[in-house]
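Subject: Structure handover

Hello,

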Amino acid sequence: MIELTRLEESPLRRLNPVSKLVLVVSIAVLAITIDNVDTLKLVCLASLLVYSLAKPSLARIKLTAFLLALTVWGTVFSQALFYSGYPRTPIVELVSPETPIIGWITGGIYVYLEGVEYGLKQSIRLIASLLAGLAVAWTTDPKDFLIYLSGVGISKSLALSTMISFRFIPIFASDASSTLAVLKLRGAGISKDKPASVLRYARKFLTPLYAALVRRARTLSVAIESRGYGQSKRRVKYELKFTRLDYAVIITALTVTLLIVSIKILFYAYTVGAYYNPELVYVYAFARKYL
Amino acid sequence: MNSVVVLRKVEVKYPGEVKPSLKAGELTIDDGEFVLLLGASGSGKSTLLKLLCGVIPCYQKAEVKGEVEVLGGDPQREGLSGMVSRGAAIVLQNPDAQLFSATVESEVGFGPENLGLSRGEVEKRVKWALGVVGMTDLKRKDTVSLSGGQKQRTVIASVLALKPRLLLLDEPVSQLDPQGSLSVMACIGQLPEKAGCGVILAEHRLHDLYAAGILREDVRTVVLDDGRIVFDGELGKAVNKGILEACGVREPGIFKVTRKLYGSVPTFKREELIKTLAGGESSYSSSAQSLQDHVLVKVNDLWARYGRRGAFVLKRVSFEIRKGEMAALMGPNASGKTTLMRVLSGLLKPVKGSVIFDLNPRRDIAYVPQNPDLYLVSDSVAEEFRLNPRGSFDEKFVNFLIGELGLEGLLGKHPHALSRGQRFRVAVAAALAGKPKLIMLDEPTTGQDERNIDALARILESYLAEREACALMSTHDVEFVLHNCSRVIVLKDGEIIASGPPRKILRNENIIEKACLRVPDEVLAGIWS
């Protein structure tokens, strides 16, 4: 269990928390903004690079693989069955429309091709955010989040929330492993290798995790507040160390993200007829093809 | 002398509860005073502490009536932050959830940094606070790699570094090994004198307080029972009037024996009391468990670790557990007790060695982790009893467990809405409802009062005898082990350093020191046969 929560030495640990947070937020924003599957794969690859810079141990890689499998399975499964867009092509009939009651009510339950594709696209988005998020959580002293985020002018409560969320990612992973184990011992036919079995027991799996997290988060908030955090503006000022690498990461991440978001906004304005500029025709073409 | 706490006709009621959890009447505590807050599980101790420091209603909603004044302020209006600026501080039970920095030094320095003190002053306070809790040598250590006891001491040092006027401690040593607990308790006992700081200490482990010299006759003691203050006065009076016993507070065993023999406890001086009893008639006998020769679990040369490159957490571990046996795993924090139980549960694969079961490992093993939250997976207490590997539900047996463990009236409730003590009891009852042949419990007495500990011991003893099962529990509770277990296995750095009957092992000073244990007073007084 210690294995899952220890801060390991790694290239990513050398970046300061602000740079890492900018990196994670940029990846998440790009993952949400971009629709082109090939470009999304590139974002996912960038996230994988960030993840590998955290030098995760084998236990952490196994855990990541489990979380990814669960994410992909859950997203694809739900989208495949409940895809509501058109056109949609049924590829498998699960419940015929003639089946009494359930078939009559639902008009039949199908697996839709477009739903599977959409689910896969959503999975890539989630994977991109998850990989970078885990890497940052595993390589950052939570207290540094407070110091650095407060230091660059972010409100104390927001800095505290950020710190708590990152502080609990590794513990969540460790708790998830224990809960899974306890469920197995209690006779739940559940296995890491069979995501369907995890889905069947999803509610029983998530309830204790959620309860433990809420309780821990509350205890941590009390602990932090009872050490004087946020009660005055007199906090000792620490020199915030931004190396050249930090600046390079922040500037690159922000530039790429702002550029892509701007292009998407311009393209959106063009497609809905709100704004068109003939000089931007190459920008529109780029957005249509790659974003 | 100024009063730091003034309560008048206070009532606290949590949402959804019919009756108030606290109905405190009048209470006044002076500056620099040391107050012991005692009561059974669910008697309102934690509620009172949370009320005083503003955690209620800041973090926990509750309807509060009456007048509450702490350090001249109103916690209801000023909240936790306001109370901290007035000089109040609180330490909660779970150290893991209270730490957030990478190193001990950085954790302890966080409070003084928030006060805007100079770098020199921050360093001075860190050094002082770590000295008080005996962790000066560990200041550069990674907080994740600390043992449970060291973690709790770090948390205590972190609030001490703020130099509070009123320190509220909610079962601060509940997860420490006996020697760690003694060192922390000894510090806490001296805080009013050394740091000019008032202390309100809520704790179940009175045995450790007594061994640390905190339980003196004249210590001011407030006893809560069902939310009401039923006693406020000197501890000596509470003990001799039988108030602690009547309220379900777990007194040191030596007090009970003395009262039984002499009608009262003539002195609270530990050495004198032990001398008084020494050589007298034996008052206890060894556990009556009927052990059979039939081995249910045989562990051979077991080695285990986390990850492929990690250090071995278990080394050369070999032992057997027989039918009907209740065995205890003892040792310092991080000595491998929990890891051993994870291996036996099949949750961690050993690198080397074997575990041979004369039972079905898929069906006959139950394991309740130290954090009961991770065991409780259903939407109601009643549903918890239905999830077990046999898929069976023996209503008569479940009703017996519910009655014995005081869970009546909780069946319709959500398990996570209960107190920690109740959650753990629900988890134990649910585990037993599956009728396992091997039941493993991690720290089963933490946060439990005497009634619940007695009930747990009684149930386990009859269960093991009737079902021909065995139990293994990881615990720091030397008194529980002495009174209830037939064997103790002592681990240190992942290796077994001793194994045998508790009355023999727990008197061996060499083992006691190595394993950070404590010789129970009953053994010191020679009243154990």
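Please keep in mind that the model is predicted.

Where they meet, 32 residues of domain 1 of chain B are in contact with 29 residues of domain 2 of chain B. About 2,300 Å² is buried between the two domains of chain B, with 47% of it on carbon and sulfur atoms. On the domain 1 side, Pro178(B), Gln179(B) and Arg250(B) lose the most area to domain 2 of chain B, and together they account for 26% of what that side buries.

Arg250(B) also takes part in a salt bridge with Asp477(B), in which the closest N and O atoms are 2.7 Å apart. The count between the two domains of chain B is four salt bridges, and seven residue pairs are in polar contact across this interface, both residues at pLDDT 80 or more. Helices that give two or more residues to the domain 1 side include α6 (148-160), α7 (178-195) and α11 (253-262) of chain B. The largest share of that side, four residues, comes from α8(B). By class, the domain 1 side that touches domain 2 of chain B has 11 nonpolar, 12 polar and nine charged residues.

Chain B as a whole has 21 helices and 18 strands. Its C-alpha atoms fill a box of roughly 65 × 55 × 50 Å along the principal axes. The radius of gyration of chain B is 23 Å, which agrees with the value near 24 Å that a compact globule of 529 residues would have.

Next, the interface with chain A. Here 61 residues of chain B are in contact with 52 residues of chain A, and the area buried between the two chains is about 5,300 Å², of which carbon and sulfur atoms give 56%. In chain B, Tyr59(B), Phe100(B) and Leu374(B) lose the most area to chain A, together 14% of what that side buries.

Between chain B and chain A the count is four salt bridges. Arg203(A) and Asp379(B) meet through their side chains in a salt bridge, at 2.5 Å from N to O. With six residues, α4(B) gives the most. The side of chain B that touches chain A divides into 30 nonpolar, 18 polar and 13 charged residues.

Regards

Definitions and conventions:
Residues numbered from 1 in each chain as written. Chains lettered and ligands numbered in written order. Predicted model: local features only at pLDDT ≥ 70, side-chain atom pairs only at ≥ 80, totals over all residues. Heavy atoms only, no water. Contact = heavy atoms within 4.5 Å. Buried area = accessible area lost by both parts, 1.4 Å probe. Polar contact = N/O pair within 3.5 Å; in protein donor to acceptor, adjacent residues only side chain to side chain. Nonpolar A, V, L, I, M, F, W, Y, C, P; charged D, E, K, R; others polar. Rg over C-alpha atoms; globule rule 2.2 N^0.38 Å.
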